[in-house]
Amino acid sequence: MAEKDILLKVCNLKMHFPVEKTMFGKVTSWVKAVDDVSFEVERGKTFGLVGESGCGKTTTGKCVLRINKPTEGQIYYKGKDISNATAAELKEIRREIQLIFQDPYGSLDPRQSAGSIIREAIVTGPHDEKDVSGRVKELLETVELLPEMAERYPHEMSGGQRQRLGIARALACNPELIVCDEPVSALDVSIQAQVINLFSSLQERLGLTYVFIAHDLAVVRHIADVIGVMYLGHIVEIMDAGEIYTNPVHPYTKALLSAVPITDYYVEKQRQRILLEGEVPSPINAPSGCPFHPRCAYATDICRRENPKLADVGGGHRVACHLCAKDSV
Amino acid sequence: MEEKKVLLDVKNLRTSFFTDAGEVKSVNDVSFHVNEKEVVAVVGESGSGKSVTQLSVLQLIQSPPGKILGGEVWFDGENLMNYSKKQMCNVRGNGISMIFQEPMTSLNPVYTIGNQLTEVLRAHHKNMTKQEAWKRGVEALAAVGIPDPEARMKNYPFEMSGGMRQRAMIAISVACNSKLIVADEPTTALDVTTQAQVMELLLSLVEKNGTSIIVVTHNLGLVTRYADRIYVMYAGRIVESGTTEMLLTNPRHPYTLGLLASVPKLDSDRDEKLIPIEGTPPNLANIPEYCSFYPRCPYACEECKTKKAPTLRPIAEEGHFMACHLDVVKGGQNG
């Protein structure tokens with residue numbers, strides 16, 4: 001097999017936020033939003049991060065962009081550790097790593113026209129002074145918006161059009177990596193498919209690499225090449241997107257999958273459902289041992305004591321579960 | 001098939017909002033019914049009028065700008081449209097109760113859950129004592145699977161998670177013994193695992209209390225799993241209706257077909273491209289005389305533009321209706 005071209009590599013990333021302090025400023029409790037997360041993203045591929053709200057998927061994305069400075073761990077972008085990069089270095093890096101937000105309305109300035117929003121992103125980077133308008137037009141075309149849209153303000157656009165504008169802005173400085181944080185979850189079903197297809201075609205045309213964060217398993221499975229399932233700040237399973245439906249191993253992944261209803265009537269009627277009891281524990285008082293053990297039907301003593309590490313179960317499919325690892329070895 | 005008793009029968013309901021931009025026909029001649037012990041789903045995109053339809057049934061439309069222009073709402077043998085405001089107050093809660101999408105905004109943040117539960121109970125049962133109401137409240141919370149209900153009664157909404165809050169909302173409906181629960185996007189704000197819990201809870205009410213449920217949603221998957229019958233709405237009209245099995249295995253209207261083709265599926269081939277519905281939903285202030293799906297319909301022909309908007313008509317199977325001049329699946333034109 002050819003050497004993999006790794007664009008982004010995250011090693012043992014930890015992001016802890018202080019929540020309580022004593023009078024003297026000593027921190028007494030932490031939210032461990034991201035706790036020991038590692039993954040790699042190949043150039044031109046999509047890495048999907050799924051999980052429920054509060055599992056740390058957005059914080060992971062923010063760390064990759066260095067919006068949050070990680071507490072511990074390294075982030076290698078093109079082989080260079082950016083976890084301690086200075087503000088000046090970050091300015092350069094962020095041109096190559098862009099972000100697309102969930103709420104296209106909240107992330108666009110309501111008083112700026114679409115053209116001006118894109119122009120602003122173009123002129124901050126190296127650009128051809130004479131051809132800014134041409135580039136704006138080109139970007140609008142890239143995201144399949146009409147050139148007339150440049151005159152419009154965000155409130156005059158539909159949700160799908162706004163999200164396209166957000167994508168155009170992210171593309172303005174020719175990024176290589178785009179972190180997409182729930183980019184389609186605010187859109188209507190019929191529009192969602194349009195935007196998902198746009199993401200795929202942009203990737204083919206421009207060779208983009210995505211970190212795609214979403215809670216909708218079906219969407220992530222469709223767009224991602226590799227999927228990481230997060231639970232309470234940990235990645236509990238990493239696998240090829242094709243395997244998530246056919247071969248989920250971790251009990252949490254299985255439960256998550258069975259909770260997602262599917263639209264095939266006959267398959268749906270026969271599917272077995274695993275109802276998870278209770279709720280996601282608070283990351284302030286994360287349970288000892290495996291983070292999933294209080295809700296896991298198979299939990300044993302070792303699960304309560306030790307936090308399992310990701311272990312290979314074959315073909316690059318890695319699972320963090322004491323029981324699953326044992327079975328396969 | 002056994003004869004089912006109809007609980008709610010809505011006929012030719014029309015609701016419009018009169019705005020500066022003109023008359024917005026949110027609900028345009030909508031008829032549907034709900035049988036006893038049935039879960040009915042109303043599916044549509046935002047702006048299709050699915051929520052306004054339900055609010056009109058409960059007469060909760062703010063007026064002005066909204067106005068219910070016509071139609072009949074038969075609930076339990078009575079036409080609610082002839083009811084006075086006072087009588088309607090009795091129907092809401094006792095007869096029909098509603099659960100909203102955002103449980104945080106539909107619960108009052110400055111009162112405890114117990115306070116809000118007992119308030120509702122005592123509003124509907126005038127001679128119920130505080131103690132009695134409190135007891136009923138605790139029972140209701142226990143019935144919706146909230147652990148330690150006694151303590152939870154004293155909690156404020158912000159002290160509970162999203163799933164818990166939605167359960168508390170359901171508890172209010174349970175406490176009132178409503179015959180029909182209208183759940184407007186009940187799980188959209190919740191995580192998938194919590195969504196499954198809440199839906200299972202709603203379903204258990206159908207079995208235990210014989211409640212009927214209307215689920216308003218845009219999530220086709222949710223419908224597949226939980227609904228008995230489906231109404232698909234587009235631009236203020238119902239475009240297709242039938243049992244869940246009929247609509248999902250044999251969809252006939254181009255919009256339903258489009259919706260099903262555009263959702264990513266967990267079990268499909270990953271390389272398969274999604275087929276989106278092109279364009280955007282129409283502006284309801286300006287719907288054409290002809291079929292409102294015409295501009296986005298891949299099958300549209302000359303006839304669709306010249307003829308008046310199609311009305312629901314029965315097709316092959318019993319209980320399956322759709323509103324389209326063509327029959328794109330069969331290929332024939334028999335409109």
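Tutor: Happy to, and please keep in mind that this is a predicted model. Let's begin with strand β10 of chain A, residues 234–240, which pairs with strand β12 of chain A, residues 318–319, through 2 bridges in the antiparallel sense. Within this pairing, I238(A) sits opposite R318(A) of β12(A).

Now step back to the sheet that holds this pair. In chain A, 8 strands make up an open sheet with mixed pairing, and their order is β6-β7-β8-β3-β9-β10-β12-β11. The edges of the sheet are taken by β6 (97–100) and β11 (311–312) of chain A; each has a single partner strand, so one side of each is left without a neighbour in the sheet.

A helix also belongs in this picture. Helix α1 of chain A, residues 57–64, lies across β3 (46–50), β6, β7 (177–181), β8 (209–214) and β9 (226–231) of chain A. Relative to β8(A), helix α1 of chain A runs at about 150 degrees.

Finally, let's look at where the two chains meet through a pair of helices. From α9(A), the residues A255(A), L256(A) and A259(A) meet V192(B), T193(B), Q195(B) and A196(B) of α8(B). Sorted by class, this contact of α9(A) with α8(B) has 5 nonpolar and 2 polar residues, with no charged ones.

Note on methods. Residues numbered from 1 in each chain as written. Chains lettered and ligands numbered in written order. Predicted model: local features only at pLDDT ≥ 70, side-chain atom pairs only at ≥ 80, totals over all residues. Pairing = 2+ DSSP bridges. Helix = DSSP H or I, 4+ residues; strand = E, 2+ residues; numbered from the N terminus. Contact = placed C-beta atoms within 7 Å. Axes fitted to C-alpha atoms, helices over the stretch in contact; angles between N-to-C directions. Nonpolar A, V, L, I, M, F, W, Y, C, P; charged D, E, K, R; others polar.
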